[in-house]
Amino acid sequence: MLGPPLRPPMEAVETYKRVLDISNSHVVLLGVTPELAGLGAAMTAVDESSDMIAGIWPGDTDMRKAIHGDWLDLPLPDAGMEAAIGDGCLSALASSIARQSLFAAIAKTLRPDGRAGLRLFAGPEIPYKPADVQALALSGAVSTFHELKWRVAMTAAGNAPDHAIPVKTILDRFDELFPDRQELSAQTGWALPVIGTIDVYRNSNAVYSFAPVSALISEAKAFFGDVGTVSTGSYGFAEQCPLLTLRSPRRRTA
Ligand SMILES: C[S@@+](CC[C@H](N)C(=O)[O-])C[C@H]1O[C@@H](n2cnc3c(N)ncnc32)[C@H](O)[C@@H]1O
């Protein structure tokens, strides 16, 4: 029941391919995003959750395998990988320190000519106002319910350096802004079961972060000589979901 922008649409998948030129490369995938499983000549996907590997990974083949591991301490050889990709993985980390640890881990595992592309769920540079998000949704101008979830999350993640929000709090803020789900459904055309997908947040202990692009670029620059962003297409909310590109990994001596 999940869709864009949470899942990467075809045009975003094409962006990874085009920008990173990975068709002949051995790629590490951070997570088990099924839409990205076919990229590269060979792939090692790394995820800390056995349930996610069992649940959404399309299966190991001669060319790809999923392994259990922590992105911040990648179970891969140093300077061995040609490319790294990930979809929304920076938002799965709860702090600036954790994001920097991920950049360090990617830089460590890439060859000197290696490159990485991470699709972002980037918060706005100036936080959204709750009343504006409410009005936008009720006017029918939000592309999908999943975009609305991220707008609510980004509104609440605010300006602190970590830009973090417990997943449970996203649900609380949503319920405050949209107490009448029937009305939201009537105004937007979103079916109630789709709106109800947000209720799984009640049992989550996860904390997400939605740092703006400028903060992510400055965090990444300590670990890569060449950092940029590229649009991933024209789907709804694509403007907050660019591909962060990382090249020229900096060698660090511990
Ligand atoms: C890649 S993220 C974002 C969702 C993404 N758009 C997708 O396709 O599912 C979600 C995944 O990150 C994994 N994850 C989060 N933090 C991790 C970490 N430190 N190490 C390894 N896997 C992690 C979770 O287990 C989950 O499977």
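Author: Start with His 163, which sits in the loop between α5 and β6 (164–166). Keep in mind that this is a predicted model.

Reader: What is the phi of His 163?

Author: Phi of His 163 is positive, about 50°, although the residue is not a glycine.

Reader: And is His 163 buried or exposed?

Author: His 163 has 24 C-beta neighbours inside 10 Å, so it counts as buried. The cut-off for buried is 20 or more.

Reader: Which residue other than glycine has phi near 55°?

Author: Ser 248, again a positive value. Ser 248 lies in strand β9. Its count is 15 C-beta neighbours inside 10 Å, so Ser 248 is classed as partly exposed.

Reader: OK, β9 then. Which way do β5 and β9 run, parallel or antiparallel?

Author: β5 and β9 (residues 243–249) run antiparallel, joined by five bridges. Leu 118 stands opposite Leu 244 in β9, and Arg 119 has Leu 243 of β9 as its bridge partner.

Reader: What about β4 and β5? In which sense do they pair?

Author: In the parallel sense, over six bridges, with β4 covering residues 81–87. Ala 84 stands opposite Ala 116 in β5. Between the two strands the chain passes through helix α3 (residues 96–109), and this β-α-β crossover is right-handed.

Reader: How many residues of β5 are buried?

Author: Seven of the 10 residues of β5 (residues 110–119) are buried, so the strand is largely enclosed by the rest of the structure.

Reader: Zoom out. What is the strand order in the open sheet?

Author: The order is β3-β2-β1-β4-β5-β9-β8, seven strands with mixed pairing. β3 (64–68) and β8 (224–230) are the edge strands, each pairing on one side only. From one strand to the next the twist averages 20°.

Reader: Which strands does α1 touch where it packs on the sheet?

Author: Helix α1 (residues 10–20) touches β4, β5, β8 and β9, and its direction makes about 160° with that of β5. α3 packs on the sheet as well, touching β1 (26–30), β4, β5, β8 and β9, with its direction at about 140° to that of β5.

Reader: You mentioned β1. How many of its residues are buried?

Author: Four of its five residues are buried, and β1 is mostly covered.

Reader: How many bridges join β1 to β2?

Author: Five bridges, and β1 and β2 (residues 42–47) run parallel. Leu 30 has Val 46 in β2 as its bridge partner. With β4, β1 pairs in the parallel sense over four bridges. There, Val 27 has Ala 83 of β4 as its bridge partner.

Reader: Changing topic to helix packing. At what angle do the axes of α5 and α6 cross?

Author: The axes of α5 (residues 145–157) and α6 (residues 167–177) cross at roughly 105° and come within 9 Å. The two helices are therefore roughly perpendicular to each other.

Reader: Which residues of α5 and α6 meet?

Author: From α5, Lys 149, Val 152, Ala 153, Thr 155 and Ala 156; from α6, Thr 169, Ile 170, Arg 173, Phe 174 and Leu 177. The residues of this contact of α5 with α6 divide into six nonpolar, two polar and two charged.

Reader: And how far apart are the axes of α4 and α5?

Author: The axes are 10 Å apart, and α4 (residues 130–138) packs with α5 at an angle of about 170°. α4 and α5 are therefore roughly antiparallel to each other.

Reader: Which residues make that contact?

Author: Pro 130, Val 133 and Ala 137 of α4, with Leu 148, Arg 151, Val 152 and Thr 155 of α5. By class, the contact of α4 with α5 has five nonpolar, one polar and one charged.

Methods
Residues are numbered from 1 along each chain as its sequence is written. This is a predicted model: local features need pLDDT of at least 70, side-chain atom pairs count only at pLDDT 80 or more; totals for chains, interfaces and linings use all residues. Axes are lines fitted to C-alpha atoms, for helices over the stretch in contact, and angles run from 0 to 180 degrees between N-to-C directions. Angles under 35 degrees count as roughly parallel, over 145 as roughly antiparallel, 65 to 115 as roughly perpendicular and the rest as oblique. Two residues are in contact if their C-beta atoms, placed from the backbone, lie within 7 Å. Ala, Val, Leu, Ile, Met, Phe, Trp, Tyr, Cys and Pro count as nonpolar, Asp, Glu, Lys and Arg as charged, and the others, Gly among them, as polar. A residue is buried if 20 or more other C-beta atoms lie within 10 Å of its own, exposed if 12 or fewer, and partly exposed in between; C-beta atoms are placed from the backbone. Two strands pair if DSSP finds at least two bridges between them. A crossover is right-handed if, with the strands pointing away from the viewer, the path from the first strand over the helix to the second runs clockwise.
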